[in-house]
Amino acid sequence: MALTDETDQEPQPSAPPPPPAAGNGDGAARMPRWLPRAMVLALTLIACFQLGSWAFHQLLGLLINILIAFFLALAVEPAVSRMATHGIRRGLATFLVFFAVLIASVGFVVLLGSMLAGQIIEIVDEFPRYLDSLINWINQSFRTELSRVAVQDSLLHSDWLQRYVQNSASGVLDISTTVLGGLFRLLTIFLFSFYFAADGPRLRRTVCSVLPPAKQVEVLRAWEIAVDKTGGYIYSRGLMALISGVAHYILLEILGVPYAPVLAVWVGLVSQFLPTIGTYLAGALPMLIAFTVDPWYALWVLGFVVIYQQFENYVLQPKLTARTVDIHPAVAFGSVVAGTALLGAVGALIAIPAVATLQAFLGAYVKRYDVTDDPRVHGHRRRGSGRTLARIRRALRRGSARLRPPAGPPRRPESDA
């Protein structure tokens, strides 16, 4: 019976077989289908990034030239548009404006070069006299017996002078290459700026043709703000350069410094178009020329440069730039420093109009409210605020005194005798 019962029982299901080992037969684990494509896409993106970075560094000089040309075109846009309004073709108007700028620049460089050449020749001719006076002063002050002939022989036969002459002779080719490269860069900037100014309307139509109507209005508005701010910046700087040149010309004429008109133009242009430090850099040349006339005249020029810089910063510049480039002096200084750090001297030149344009464009979209009539807004404290604070302090002291526990152990009540 026991055997029969065991045979009549239903068979139990067997355990599932173990999973096949990885890499054995057809059941091996396979690579996901998306992984090869992801790897190819990642490598492609890396290659594109490297190619773009290489191209950007190779074309950085050209991009900077285009940026300078664009701001130069914005600066001459008001004059070109005014001439075009009076019936002159836009291309001819642009050519006339750039021709006037070129003639003024070439004339200034020629006058400055002739002045420097003549002054250098004069310094070389007077060098023996300066050297004799210096040697006599040294002999009288330090009881020495120096002579000009011995000093000249030691200078001519010195090793550092020979090395300097050799290095200068070997660097002539490098200087020529630098000059040619600068001329080519200047020609590139003028060419691009001429096209930007002459074909300004066509360029705006091309940009707007790829944008929806709402965006077109914003682009044209930003373009107009950039033209106004850049043109206003050039106008205000030109006016301040004129005032600075006239003031320094009067001083140099009173002192009898030679080449006063050219030096005045130099100070006016350099001091205004190199912000913050341009005044002191421009004043170095008049100080040098004045020193050749009389050493005390150089101190007079230095004092006048410092005083005029303060007058310009706190009196003249705020009034002239209030309607054109209305930015805070601290913001202007920070923008010049940032522009110099990013693009060097080019960044220093275009930093202020760029920041002014950005500030004006963002100011059109920032909602402003009326400021409450509170003395604290103007930096004054309200009347009675000191009394109110004193009352609050006295109330807090009284409250803390009441909550403070009594000092010493509590006294026991006396028992009745």
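Start inside, with the largest nonpolar core: select Leu112, Met115, Leu252, Val257, Leu263, Leu285 and Val301, which touch the most other members among its 15 residues. A nonpolar core here is a set of buried Ala, Val, Leu, Ile, Met, Phe, Trp, Tyr and Cys residues joined through side-chain atoms within 4.5 Å. Buried means under 20% relative accessible area, exposed over 50%, and partly exposed in between (1.4 Å probe, protein chains only). Now colour α4, α9 (213-255), α10 (260-273), α11 (278-293) and α12, the elements that give two or more residues to this core. Helices are DSSP runs (H or I, at least four residues), numbered from the N terminus.

Zoom in on Val257. Leaving aside neighbours within four places in sequence, Val257 is in contact (heavy atoms within 4.5 Å) with Leu252, Leu263, Ile289 and Ala290. For a second, separate core, pick Ala69, Leu74, Ala226 and Val227, which are among its 11 residues.

A quick note on what you're viewing: this is a predicted model, where local features need pLDDT of at least 70 and side-chain atom pairs count only at pLDDT 80 or more, while totals for chains, interfaces and linings use all residues. Residues are numbered from 1 along each chain as its sequence is written, and side-chain values use heavy atoms, with hydrogens and water left out.

Next, select Glu77 and Arg90. They form a salt bridge, with the closest N and O atoms 2.6 Å apart; the term means a side-chain nitrogen of Lys or Arg within 4 Å of a carboxyl oxygen of Asp or Glu. The structure holds one salt bridge. Glu77 sits in helix α3 (residues 60-85) and Arg90 in helix α4 (residues 90-142), so the pair ties together parts that are 13 residues apart in sequence. Buried or exposed, what is Glu77? Glu77 is buried, at 8% relative accessible area, and Arg90 counts as buried too, at 17%.

Time for the surface. Select Tyr280, Trp296, Leu299, Trp300, Leu302 and Val306: they form a nonpolar patch with about 670 Å² of accessible area together. Patch residues have over 30% relative accessible area and no salt bridge, with nonpolar side chains (Val, Leu, Ile, Met, Phe, Trp, Tyr) joined within 5 Å. Helix α12 (residues 295-320) gives the most to this patch, with five residues.

Last stop: His328, in the loop between α12 and α13 (329-343). His328 is exposed, with 52% relative accessible area.

Note on methods
Patches are made of residues with over 30% relative accessible area and no salt bridge: like charges are joined within 9 Å, nonpolar side chains (Val, Leu, Ile, Met, Phe, Trp, Tyr) within 5 Å. Accessible areas come from the Shrake-Rupley method with a 1.4 Å probe; for residues, only the protein chains shown count as cover.
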